[in-house]
Amino acid sequence: MRVDTIWRDSRLATMTTDTLGIVENGMIAALDGRIVYCGPATDAPAIDARETIHCDGRWITPGLIDCHTHLVFGGDRVDEFRLRLAGARYEDLAAVGGIRATVAATRAAPADTLRTQALARLDVMIAAGVTTLEVKSGYGLDVETEIRQLEVARSLGEHRRVHVSPSYLGAHAVPPEYLDNVDGYLDLVCTRMIPEIASGRLADSVDAFCETIAFSAAQVARVFGAAHAHGLQVRLHADQLSDLGGAALAARFGALSADHLEYASDAGAAAMARSGTVAVILPGAFLTLHETRKPPIGAFRRHGVRMAVATDLNPGSSPLVSPLLAMGLAANLFGLTIEECLLGMTREAARALGRQDRAGTLEAGRDCDLAIWSIEQPAELVYWLGHNPLHQRVFSGS
Ligand code: NIG
Ligand code: FE
(Lines give C-alpha, C1' and ligand atoms only; values in the text may rest on other atoms or scores of the structure.)
(Ligands and ions follow the chains in the order given, each with its own letter.)
Protein backbone atom coordinates (compact mmCIF):
# COMPACT_ATOMS: atom_id res chain seq x y z
CA MET A 1 0.00 0.00 0.00
CA ARG A 2 1.44 3.41 -1.01
CA VAL A 3 0.55 6.24 1.36
CA ASP A 4 1.60 9.81 2.05
CA THR A 5 2.35 9.56 5.76
CA ILE A 6 2.39 7.05 8.58
CA TRP A 7 2.41 7.78 12.30
CA ARG A 8 4.02 4.96 14.28
CA ASP A 9 5.15 4.19 17.84
CA SER A 10 1.87 5.69 19.04
CA ARG A 11 -0.96 4.73 21.34
CA LEU A 12 -4.41 5.35 19.90
CA ALA A 13 -7.74 6.35 21.42
CA THR A 14 -9.76 5.75 18.26
CA MET A 15 -13.11 6.64 19.91
CA THR A 16 -14.74 3.76 18.03
CA THR A 17 -16.08 2.15 21.23
CA ASP A 18 -17.54 3.46 24.48
CA THR A 19 -14.24 2.53 26.16
CA LEU A 20 -12.37 4.83 23.73
CA GLY A 21 -11.24 2.12 21.31
CA ILE A 22 -7.72 1.93 22.72
CA VAL A 23 -4.90 0.49 20.60
CA GLU A 24 -1.47 0.06 22.20
CA ASN A 25 1.37 0.17 19.66
CA GLY A 26 -0.86 1.70 16.99
CA MET A 27 -0.26 2.94 13.50
CA ILE A 28 -2.13 5.39 11.29
CA ALA A 29 -1.58 5.75 7.55
CA ALA A 30 -2.99 8.60 5.45
CA LEU A 31 -3.42 9.13 1.73
CA ASP A 32 -4.88 12.29 0.17
CA GLY A 33 -6.00 13.61 3.56
CA ARG A 34 -7.92 10.49 4.56
CA ILE A 35 -7.05 7.68 6.96
CA VAL A 36 -6.40 4.49 5.01
CA TYR A 37 -5.17 2.35 7.89
CA CYS A 38 -5.65 2.72 11.63
CA GLY A 39 -4.99 -0.08 14.07
CA PRO A 40 -2.30 -2.24 15.64
CA ALA A 41 1.08 -1.81 13.95
CA THR A 42 1.42 -5.60 13.94
CA ASP A 43 -1.73 -6.02 11.79
CA ALA A 44 -0.82 -3.31 9.26
CA PRO A 45 -0.43 -4.30 5.61
CA ALA A 46 2.91 -3.71 3.89
CA ILE A 47 3.09 0.08 3.60
CA ASP A 48 5.31 2.26 1.46
CA ALA A 49 5.13 5.75 2.99
CA ARG A 50 6.60 8.99 1.66
CA GLU A 51 6.99 10.20 5.24
CA THR A 52 7.20 8.35 8.57
CA ILE A 53 6.52 10.14 11.83
CA HIS A 54 7.72 8.51 15.04
CA CYS A 55 5.47 9.43 17.95
CA ASP A 56 7.71 8.07 20.75
CA GLY A 57 4.77 6.43 22.49
CA ARG A 58 2.58 9.54 22.51
CA TRP A 59 -1.21 9.24 22.41
CA ILE A 60 -3.23 10.10 19.30
CA THR A 61 -6.92 11.01 19.43
CA PRO A 62 -9.16 12.38 16.69
CA GLY A 63 -8.78 16.16 16.36
CA LEU A 64 -11.10 17.78 18.90
CA ILE A 65 -14.50 19.02 17.72
CA ASP A 66 -16.17 22.00 19.40
CA CYS A 67 -19.78 21.64 18.25
CA HIS A 68 -21.22 24.80 19.88
CA THR A 69 -19.50 28.19 19.67
CA HIS A 70 -20.43 31.81 19.05
CA LEU A 71 -16.86 32.56 17.97
CA VAL A 72 -17.60 35.60 15.77
CA PHE A 73 -18.78 38.67 17.70
CA GLY A 74 -17.93 42.31 18.33
CA GLY A 75 -16.75 43.73 21.66
CA ASP A 76 -16.92 41.98 25.01
CA ARG A 77 -19.21 41.92 28.05
CA VAL A 78 -16.73 42.60 30.83
CA ASP A 79 -19.05 45.27 32.30
CA GLU A 80 -21.86 42.73 32.49
CA PHE A 81 -19.46 40.28 34.15
CA ARG A 82 -18.74 42.87 36.85
CA LEU A 83 -22.47 43.39 37.43
CA ARG A 84 -23.13 39.66 37.66
CA LEU A 85 -20.27 39.22 40.14
CA ALA A 86 -21.96 41.91 42.21
CA GLY A 87 -25.20 39.90 42.20
CA ALA A 88 -27.12 40.93 39.06
CA ARG A 89 -28.97 38.13 37.24
CA TYR A 90 -28.29 37.25 33.58
CA GLU A 91 -32.04 37.28 32.83
CA ASP A 92 -32.42 40.80 34.27
CA LEU A 93 -29.36 42.10 32.40
CA ALA A 94 -30.82 40.70 29.17
CA ALA A 95 -33.47 43.44 29.31
CA VAL A 96 -30.91 46.26 29.47
CA GLY A 97 -27.98 44.80 27.53
CA GLY A 98 -27.06 41.14 27.38
CA ILE A 99 -27.20 39.67 23.88
CA ARG A 100 -28.39 43.04 22.52
CA ALA A 101 -25.21 44.73 23.79
CA THR A 102 -23.18 42.33 21.67
CA VAL A 103 -25.58 42.91 18.77
CA ALA A 104 -24.79 46.64 18.88
CA ALA A 105 -21.02 45.97 18.97
CA THR A 106 -21.23 43.38 16.18
CA ARG A 107 -23.29 45.63 13.91
CA ALA A 108 -20.66 48.35 14.36
CA ALA A 109 -17.72 46.05 13.53
CA PRO A 110 -16.44 45.67 9.94
CA ALA A 111 -15.84 42.14 8.64
CA ASP A 112 -12.06 42.51 8.96
CA THR A 113 -12.31 43.40 12.64
CA LEU A 114 -14.69 40.51 13.34
CA ARG A 115 -12.34 38.14 11.51
CA THR A 116 -9.16 39.33 13.23
CA GLN A 117 -10.72 38.98 16.67
CA ALA A 118 -12.26 35.59 15.85
CA LEU A 119 -8.95 34.29 14.50
CA ALA A 120 -7.20 35.18 17.76
CA ARG A 121 -9.68 33.02 19.67
CA LEU A 122 -9.61 30.31 17.02
CA ASP A 123 -5.81 30.10 17.31
CA VAL A 124 -6.18 29.23 20.99
CA MET A 125 -8.55 26.42 20.05
CA ILE A 126 -6.30 25.15 17.27
CA ALA A 127 -3.38 25.13 19.70
CA ALA A 128 -5.49 22.83 21.91
CA GLY A 129 -6.08 20.31 19.11
CA VAL A 130 -9.36 21.51 17.57
CA THR A 131 -9.78 20.53 13.91
CA THR A 132 -13.55 21.12 13.51
CA LEU A 133 -15.83 23.70 15.08
CA GLU A 134 -19.33 25.03 14.74
CA VAL A 135 -19.78 28.83 14.68
CA LYS A 136 -23.14 30.56 15.11
CA SER A 137 -24.39 33.91 13.93
CA GLY A 138 -27.05 35.56 16.10
CA TYR A 139 -25.29 38.80 17.06
CA GLY A 140 -26.44 40.71 13.99
CA LEU A 141 -30.19 40.11 13.92
CA ASP A 142 -30.48 42.12 10.72
CA VAL A 143 -29.93 40.88 7.18
CA GLU A 144 -26.63 42.61 6.60
CA THR A 145 -24.92 41.75 9.89
CA GLU A 146 -26.15 38.15 10.09
CA ILE A 147 -24.75 37.54 6.61
CA ARG A 148 -21.50 39.29 7.54
CA GLN A 149 -21.14 37.06 10.60
CA LEU A 150 -21.81 33.90 8.58
CA GLU A 151 -19.40 34.93 5.83
CA VAL A 152 -16.70 35.70 8.38
CA ALA A 153 -17.36 32.31 10.02
CA ARG A 154 -17.00 30.45 6.70
CA SER A 155 -13.89 32.45 5.81
CA LEU A 156 -12.09 31.27 8.95
CA GLY A 157 -11.60 27.94 7.18
CA GLU A 158 -9.70 29.75 4.42
CA HIS A 159 -7.42 31.53 6.90
CA ARG A 160 -6.68 28.51 9.08
CA ARG A 161 -6.47 24.75 8.51
CA VAL A 162 -9.70 23.87 10.28
CA HIS A 163 -13.22 22.79 9.27
CA VAL A 164 -15.91 25.35 10.15
CA SER A 165 -19.62 24.54 10.22
CA PRO A 166 -21.68 27.77 10.42
CA SER A 167 -25.17 27.89 11.96
CA TYR A 168 -27.73 30.64 11.39
CA LEU A 169 -29.02 31.80 14.81
CA GLY A 170 -31.40 34.58 13.71
CA ALA A 171 -33.82 33.57 16.48
CA HIS A 172 -31.32 34.39 19.25
CA ALA A 173 -33.01 37.52 20.60
CA VAL A 174 -35.58 40.02 19.37
CA PRO A 175 -33.62 42.88 17.79
CA PRO A 176 -34.17 46.36 19.25
CA GLU A 177 -36.08 47.65 16.21
CA TYR A 178 -38.64 44.80 16.48
CA LEU A 179 -39.28 44.80 20.24
CA ASP A 180 -42.95 45.63 19.64
CA ASN A 181 -43.29 43.42 16.59
CA VAL A 182 -41.84 39.97 17.21
CA ASP A 183 -43.97 38.41 14.46
CA GLY A 184 -42.58 40.96 12.02
CA TYR A 185 -39.06 39.87 12.95
CA LEU A 186 -39.97 36.20 12.53
CA ASP A 187 -41.41 37.07 9.08
CA LEU A 188 -38.00 38.51 8.18
CA VAL A 189 -36.21 35.41 9.51
CA CYS A 190 -38.51 32.88 7.83
CA THR A 191 -39.38 34.50 4.52
CA ARG A 192 -36.22 36.41 3.68
CA MET A 193 -33.21 35.34 5.70
CA ILE A 194 -33.58 31.56 5.76
CA PRO A 195 -34.24 31.37 1.98
CA GLU A 196 -31.25 33.63 1.27
CA ILE A 197 -28.95 31.73 3.64
CA ALA A 198 -30.05 28.37 2.24
CA SER A 199 -29.60 29.36 -1.40
CA GLY A 200 -26.21 30.98 -0.69
CA ARG A 201 -25.11 27.97 1.41
CA LEU A 202 -24.08 30.40 4.12
CA ALA A 203 -24.98 28.01 6.96
CA ASP A 204 -25.12 24.26 7.50
CA SER A 205 -27.97 24.42 10.03
CA VAL A 206 -30.45 26.74 11.74
CA ASP A 207 -30.32 27.31 15.50
CA ALA A 208 -32.73 29.11 17.86
CA PHE A 209 -32.94 30.14 21.52
CA CYS A 210 -36.14 28.82 23.13
CA GLU A 211 -36.42 30.69 26.45
CA THR A 212 -38.54 33.18 28.37
CA ILE A 213 -36.02 35.93 27.47
CA ALA A 214 -35.95 34.85 23.82
CA PHE A 215 -38.51 32.88 21.73
CA SER A 216 -41.44 30.63 22.65
CA ALA A 217 -41.78 27.03 21.50
CA ALA A 218 -44.43 28.08 18.95
CA GLN A 219 -42.17 30.81 17.55
CA VAL A 220 -39.22 28.41 17.31
CA ALA A 221 -41.46 25.84 15.57
CA ARG A 222 -42.18 28.44 12.91
CA VAL A 223 -38.46 29.07 12.36
CA PHE A 224 -37.73 25.33 12.23
CA GLY A 225 -40.55 24.80 9.74
CA ALA A 226 -38.98 27.40 7.44
CA ALA A 227 -35.53 25.80 7.90
CA HIS A 228 -36.84 22.38 6.89
CA ALA A 229 -38.73 23.86 3.94
CA HIS A 230 -35.38 25.13 2.68
CA GLY A 231 -33.49 21.90 3.33
CA LEU A 232 -31.62 23.02 6.45
CA GLN A 233 -31.26 20.88 9.56
CA VAL A 234 -31.91 22.41 12.97
CA ARG A 235 -30.44 22.58 16.48
CA LEU A 236 -31.73 24.36 19.59
CA HIS A 237 -30.61 26.27 22.69
CA ALA A 238 -33.07 24.37 24.88
CA ASP A 239 -34.16 24.46 28.53
CA GLN A 240 -31.14 26.49 29.68
CA LEU A 241 -32.87 28.74 32.24
CA SER A 242 -36.35 27.18 32.42
CA ASP A 243 -38.29 24.22 31.05
CA LEU A 244 -40.21 25.42 28.00
CA GLY A 245 -40.27 21.92 26.54
CA GLY A 246 -37.25 22.70 24.38
CA ALA A 247 -35.84 19.17 24.44
CA ALA A 248 -39.09 17.67 23.12
CA LEU A 249 -39.44 20.49 20.58
CA ALA A 250 -35.93 19.78 19.24
CA ALA A 251 -36.77 16.08 19.08
CA ARG A 252 -40.04 16.77 17.22
CA PHE A 253 -38.05 18.47 14.46
CA GLY A 254 -35.36 15.75 14.41
CA ALA A 255 -32.79 18.32 15.54
CA LEU A 256 -29.13 17.38 15.25
CA SER A 257 -28.65 18.63 18.79
CA ALA A 258 -30.35 20.24 21.77
CA ASP A 259 -27.91 22.27 23.83
CA HIS A 260 -27.63 23.40 27.51
CA LEU A 261 -30.65 21.40 28.84
CA GLU A 262 -30.24 22.20 32.57
CA TYR A 263 -34.05 22.26 32.96
CA ALA A 264 -34.90 19.48 30.46
CA SER A 265 -37.53 17.00 31.69
CA ASP A 266 -37.36 13.23 31.71
CA ALA A 267 -39.95 13.17 28.91
CA GLY A 268 -37.75 15.56 26.94
CA ALA A 269 -34.76 13.25 27.37
CA ALA A 270 -36.86 10.26 26.24
CA ALA A 271 -37.99 12.16 23.14
CA MET A 272 -34.37 13.08 22.30
CA ALA A 273 -33.37 9.43 22.56
CA ARG A 274 -36.11 8.48 20.07
CA SER A 275 -35.12 11.17 17.58
CA GLY A 276 -31.37 10.61 17.92
CA THR A 277 -30.88 14.25 18.97
CA VAL A 278 -27.50 14.75 20.67
CA ALA A 279 -27.49 16.48 24.08
CA VAL A 280 -24.75 19.12 24.00
CA ILE A 281 -23.48 19.75 27.53
CA LEU A 282 -22.17 23.29 28.11
CA PRO A 283 -20.56 23.61 31.54
CA GLY A 284 -19.00 27.00 30.73
CA ALA A 285 -22.39 28.74 30.75
CA PHE A 286 -23.46 26.86 33.90
CA LEU A 287 -20.29 28.03 35.66
CA THR A 288 -20.35 31.62 34.43
CA LEU A 289 -24.04 32.18 35.20
CA HIS A 290 -23.65 30.55 38.64
CA GLU A 291 -26.42 28.17 37.70
CA THR A 292 -27.30 25.57 40.32
CA ARG A 293 -29.58 23.26 38.36
CA LYS A 294 -27.56 20.61 36.53
CA PRO A 295 -28.59 18.96 33.25
CA PRO A 296 -30.29 15.56 33.79
CA ILE A 297 -27.23 13.45 32.94
CA GLY A 298 -28.77 10.38 34.63
CA ALA A 299 -31.87 10.63 32.42
CA PHE A 300 -29.72 11.00 29.31
CA ARG A 301 -27.81 7.85 30.25
CA ARG A 302 -30.96 5.91 31.15
CA HIS A 303 -32.70 6.77 27.87
CA GLY A 304 -29.56 6.34 25.77
CA VAL A 305 -29.20 9.97 24.66
CA ARG A 306 -25.76 10.61 23.24
CA MET A 307 -23.89 13.48 24.90
CA ALA A 308 -21.43 15.95 23.39
CA VAL A 309 -19.41 18.56 25.32
CA ALA A 310 -18.66 22.04 23.94
CA THR A 311 -17.32 25.42 25.04
CA ASP A 312 -20.33 27.61 24.04
CA LEU A 313 -17.62 30.26 23.58
CA ASN A 314 -19.47 33.60 23.64
CA PRO A 315 -18.95 37.00 25.29
CA GLY A 316 -21.94 36.79 27.64
CA SER A 317 -22.70 33.45 29.24
CA SER A 318 -19.52 31.48 28.48
CA PRO A 319 -16.22 33.24 27.74
CA LEU A 320 -14.58 29.80 27.67
CA VAL A 321 -11.99 29.37 24.93
CA SER A 322 -10.55 26.01 26.03
CA PRO A 323 -12.11 22.74 24.84
CA LEU A 324 -9.90 20.88 27.32
CA LEU A 325 -11.22 22.92 30.22
CA ALA A 326 -14.78 22.34 28.94
CA MET A 327 -14.19 18.60 29.38
CA GLY A 328 -12.71 19.12 32.85
CA LEU A 329 -15.71 21.21 33.87
CA ALA A 330 -18.19 18.66 32.47
CA ALA A 331 -16.57 15.97 34.60
CA ASN A 332 -16.19 18.02 37.78
CA LEU A 333 -19.48 19.96 37.67
CA PHE A 334 -21.84 17.41 36.09
CA GLY A 335 -20.22 14.06 36.85
CA LEU A 336 -19.63 13.01 33.25
CA THR A 337 -17.19 10.13 33.10
CA ILE A 338 -13.78 10.60 31.50
CA GLU A 339 -14.97 8.48 28.57
CA GLU A 340 -18.14 10.55 28.15
CA CYS A 341 -16.08 13.74 28.10
CA LEU A 342 -13.58 12.48 25.53
CA LEU A 343 -16.27 10.95 23.31
CA GLY A 344 -18.26 14.17 23.78
CA MET A 345 -15.47 16.27 22.23
CA THR A 346 -14.89 13.83 19.37
CA ARG A 347 -17.34 11.17 18.18
CA GLU A 348 -20.54 12.63 19.64
CA ALA A 349 -19.58 16.19 18.69
CA ALA A 350 -19.17 15.00 15.09
CA ARG A 351 -22.65 13.46 15.29
CA ALA A 352 -24.05 16.76 16.63
CA LEU A 353 -22.74 18.37 13.43
CA GLY A 354 -23.96 15.56 11.16
CA ARG A 355 -20.29 14.83 10.32
CA GLN A 356 -19.95 11.38 11.90
CA ASP A 357 -18.98 9.90 8.54
CA ARG A 358 -16.09 12.35 8.16
CA ALA A 359 -14.71 13.11 11.62
CA GLY A 360 -14.73 12.23 15.32
CA THR A 361 -13.17 8.75 15.19
CA LEU A 362 -9.91 7.27 13.97
CA GLU A 363 -10.76 4.70 11.32
CA ALA A 364 -10.16 4.07 7.65
CA GLY A 365 -12.23 6.41 5.49
CA ARG A 366 -12.37 9.30 7.96
CA ASP A 367 -10.56 12.60 7.42
CA CYS A 368 -7.02 12.37 8.82
CA ASP A 369 -7.55 14.99 11.55
CA LEU A 370 -5.41 14.07 14.55
CA ALA A 371 -4.36 15.43 17.91
CA ILE A 372 -1.07 14.02 19.23
CA TRP A 373 -0.64 14.43 22.99
CA SER A 374 2.30 14.28 25.41
CA ILE A 375 0.40 12.37 28.08
CA GLU A 376 0.62 8.99 29.77
CA GLN A 377 -3.10 8.25 29.54
CA PRO A 378 -6.15 9.85 27.82
CA ALA A 379 -7.76 10.65 31.19
CA GLU A 380 -5.20 13.44 31.61
CA LEU A 381 -7.02 15.48 28.95
CA VAL A 382 -9.94 15.74 31.39
CA TYR A 383 -7.94 15.71 34.63
CA TRP A 384 -5.61 18.69 34.16
CA LEU A 385 -7.40 22.04 34.42
CA GLY A 386 -5.72 24.79 32.43
CA HIS A 387 -2.88 22.69 31.04
CA ASN A 388 -2.53 21.96 27.34
CA PRO A 389 -0.39 18.90 26.56
CA LEU A 390 -0.86 19.05 22.77
CA HIS A 391 2.30 17.94 20.97
CA GLN A 392 1.08 18.34 17.41
CA ARG A 393 -2.12 18.73 15.42
CA VAL A 394 -2.73 17.18 12.01
CA PHE A 395 -5.45 18.51 9.70
CA SER A 396 -6.40 16.63 6.58
CA GLY A 397 -3.28 14.49 6.70
CA SER A 398 -0.63 17.15 7.36
O1 NIG B 1 -25.42 29.83 24.45
N2 NIG B 1 -28.29 30.99 25.38
C3 NIG B 1 -28.17 31.80 24.49
N4 NIG B 1 -27.10 32.18 23.85
C5 NIG B 1 -25.79 32.13 24.37
C6 NIG B 1 -25.46 33.32 25.18
C7 NIG B 1 -25.53 34.53 24.43
C8 NIG B 1 -25.06 35.73 25.16
O9 NIG B 1 -25.32 35.91 26.37
O10 NIG B 1 -24.43 36.54 24.47
C11 NIG B 1 -25.52 30.84 25.11
O12 NIG B 1 -25.44 30.80 26.34
FE1 FE C 1 -24.82 29.10 22.84
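Predicted model: local features only at pLDDT ≥ 70, side-chain atom pairs only at ≥ 80, totals over all residues.
## Iron site

Four protein residues donate to the iron ion (ligand 2): His68, His70 and His237, each through NE2, and Asp312 through OD. These donor atoms lie 2.1 to 2.3 Å from the ion. Along the chain, the donors follow the spacing H-x1-H-x166-H-x74-D. His68 sits in the loop between β6 (64-66) and α1 (78-85), while Asp312 sits in the loop between β13 (307-309) and α12 (323-334), so the pair ties together parts that are 244 residues apart in sequence.

His68 has a relative accessibility of 0% and counts as buried. Asp312, with a relative accessible area of 1%, is buried as well.

## His260

His260 belongs to strand β11, which covers residues 257-260. This residue is buried, its relative accessible area being 2%.

## Open sheet

Eight strands make up an open sheet with parallel pairing, in the order β6-β7-β8-β9-β10-β11-β12-β13. The edges are β6 and β13, each of which pairs on one side only. From one strand to the next, the twist averages 25°.

One pairing within the sheet can be given in detail. Strand β7 (residues 130-136) pairs with strand β8 (residues 163-171) in the parallel sense over five bridges. Glu134 stands opposite Ser165 in β8. Helix α5 (residues 143-159) lies across β7 and β8, and its direction makes an angle of about 170° with β8.

## Ligand 1 site

Around ligand 1 there are 15 residues, of which Tyr90, Tyr139, His172, Gln240 and Ser317 come nearest.

For Gln240, a polar side-chain atom lies 2.8 Å from a nitrogen atom of ligand 1.

## Glu348

Glu348 is part of helix α14 (residues 347-352) and, at 4% relative accessibility, counts as buried. Its side chain makes polar contacts with the side chains of two arginines, Arg347 at 2.8 Å and Arg351 at 3.0 Å. Leaving out neighbours within four places in sequence, Glu348 is in contact with Val278, Arg306, Met307, Ala308 and Leu343.

## Trp373

Trp373 is found in strand β14 (residues 370-373) and is buried, with a relative accessible area of 0%. The side chain of Trp373 makes a polar contact of 2.9 Å with the side chain of Thr61. A polar atom of the Trp373 side chain also lies 3.4 Å from the backbone oxygen of Ala371.

Beyond neighbours within four places in sequence, Trp373 is in contact with residues including Arg58, Trp59, Leu64, Ala128, Leu324 and Leu381. Asn388, Pro389, Leu390 and His391 are also among its contacts. Trp373 and Ser10 are 363 residues apart in sequence, yet their C-alpha atoms are 9.9 Å apart in space.

Technical notes
Residues numbered from 1 in each chain as written. Chains lettered and ligands numbered in written order. Heavy atoms only, no water. Donors = N, O, S within 2.8 Å, 3.2 Å for Na, K, Ca; no water. Helix = DSSP H or I, 4+ residues; strand = E, 2+ residues; numbered from the N terminus. Buried < 20%, exposed > 50% of the residue type's maximum accessible area, 1.4 Å probe, protein only. Pairing = 2+ DSSP bridges. Axes fitted to C-alpha atoms, helices over the stretch in contact; angles between N-to-C directions. Contact = heavy atoms within 4.5 Å. Near = heavy atom within 4 Å. Polar contact = N/O pair within 3.5 Å; in protein donor to acceptor, adjacent residues only side chain to side chain.
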